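Here are some notes to read alongside the model. Keep the structure open and find each part as you go.

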Amino acid sequence: MELLRNDRDFAALARTGNQTSLANAIESIGFDAGHAVFDAIVQMADAPDDIRASFDELTGEMHASTRTALIEDSRVVRDAANSRLRSASGRGGPTTTVAYGAGGEQLAVDADHSGLAFWTQAFGSWGSFDNHGATGQLDRQQAGMMVGGDVALGQWRVGAMGGFGDAEMQVERQKATTSTQTLGLYAGTAWGKLGVRAALAQSWHDVDTRRSVIISGLTDYNRAEYSAETRQAFAEADYALVSGQKAQLQAFANVAHVRTDTDEVTENGNATALVIDEAQTAVTFTGLGLRGVQQVVLGGSASSLRASAAWRHASGDLAPLNRQAFSKGDAFTIAGGAIAEDSALIEAGMDVQFSDRTRFDLSYSGQLSGNAQDHGFNARLSISF
């Protein structure tokens, strides 16, 4: 029996940019190469939806989308430093801070304690990106902790922070897990109604990806381990519209530049395994918003309610790109899930001071846009000895 190839290109059945790029690369392998990916596609029944689904299985878009998730998740570092500095300048709700006495004993101190003070902040969030069929829906979740220490130097508060966290991302049968360590510096001050804060941080990520491919005539399993780095710089200024003892309201503007670099990736697998060039994605975020704090008494305990709403604009490499190839054929470019150009950020929280040494905090943060959503909660019981 002799098989003859018809004159229709693979790309004629593609609907998205990723499918088209992949289809042209498979076409370049050629009929005589004896490559399992080409052979599986060329012998598939004339069912356009099945062929397009097979293209999606083969793109390996998770590798590019992982950079999307790492850039989005970088905000927990900025939020931790910003929250601490706002509290230290009396422009937000209190944070957990401790200092150490001459005998080494741990002491509970006010957020604006002039000496060396330490703080902790746990975080956890989950979210998704849906590019309306251009790429698969990316679901993700993360959890971890930030810790820091700072001291007053004149009018400025200067400190260092570190943290760790784990995250998981999934696009259908593609999954990536990351383990992250972070180090950073931050500083802030206030002059009357004006407050200014800034931070620099770098994170190191260990990435582990697993990708199953199940299409007609071909089943494969690919795995890769590689490293990535995220660098970011952040600055914010706010102006107090209301600055009373029991109520505060501030207008704020901020900017952050985030860049994530990934190493070259070589998947362990068979015919569907990919070799992916090292890549980088850089995004700049700008934001405008309002935030307020209201002091209240709940059940006889001093408490505060916090809320904020902001608009965020993103520019730069909103859709991360990977240049990659099979063992044969031309290299091709695949786009990952895109970061929303414009989105709404909302936060709400409360804390209850049960005693000088015991406080309970509960907060929520959310990011909403046309193609993405992210939700985070933080519940913390703080006891100082």
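1. Start with a term. Two strands pair if DSSP finds at least two bridges between them. By that rule, β5 and strand β6 (residues 174–191) pair in the antiparallel sense, over 15 bridges. Bear in mind that this is a predicted model.

2. Look along the β5 and β6 pair. Alanine 167 stands opposite threonine 178 in β6. The two strands form a hairpin, with two residues between them. Glutamate 172 sits in that turn and has a positive phi of about 50°.

3. Strand β4 covers residues 138–153, and β5 covers residues 156–171. They run antiparallel and are joined by 15 bridges. Glutamine 141 stands opposite glutamate 168 in β5. Which residue in the turn between β4 and β5 has a positive phi? It is glycine 154, at about 65°. Two residues lie between these strands.

4. Next, find the open sheet. Four strands make it up, in the order β10-β11-β14-β15, with antiparallel pairing. The edge strands are β10 (265–266) and β15 (332–335), and each pairs on one side only. β10 is joined to β11 (residues 275–276) by two bridges, and they run antiparallel. Valine 265 stands opposite isoleucine 276 in β11.

5. A helix packs on this sheet. Helix α4 (residues 62–73) touches β10, β11, β14 (321–325) and β15. The direction of α4 makes about 155° with that of β14.

6. Turn to helix α3 (residues 48–58). Which of its residues are buried? They are Ile51, Arg52, Ser54, Phe55, Glu57 and Leu58. Their cover includes α1 (17–29), α2 (36–42) and β7 (194–215). After α3 comes glycine 60, with a positive phi near 65°.

7. Finish with glycine 337. This residue lies in the loop between β15 and β16 (342–353). Is glycine 337 buried or exposed? Buried means under 20% relative accessible area. Glycine 337 has 2% relative accessibility, so it counts as buried.

8. What does glycine 337 touch, leaving out residues up to four places away in sequence? The contacts are Ser65, Thr68, Asn131, Thr135, Leu318 and Pro320. Serine 128 and glycine 337 are 209 residues apart along the chain, yet their C-alpha atoms are separated by 9.7 Å.

Conventions. Residues are numbered from 1 along each chain as its sequence is written. This is a predicted model: local features need pLDDT of at least 70, side-chain atom pairs count only at pLDDT 80 or more; totals for chains, interfaces and linings use all residues. Side-chain values use heavy atoms; hydrogens and water are left out. Contact means heavy atoms within 4.5 Å. Axes are lines fitted to C-alpha atoms, for helices over the stretch in contact, and angles run from 0 to 180 degrees between N-to-C directions. Buried means under 20% relative accessible area, exposed over 50%, partly exposed in between (1.4 Å probe, protein chains only).
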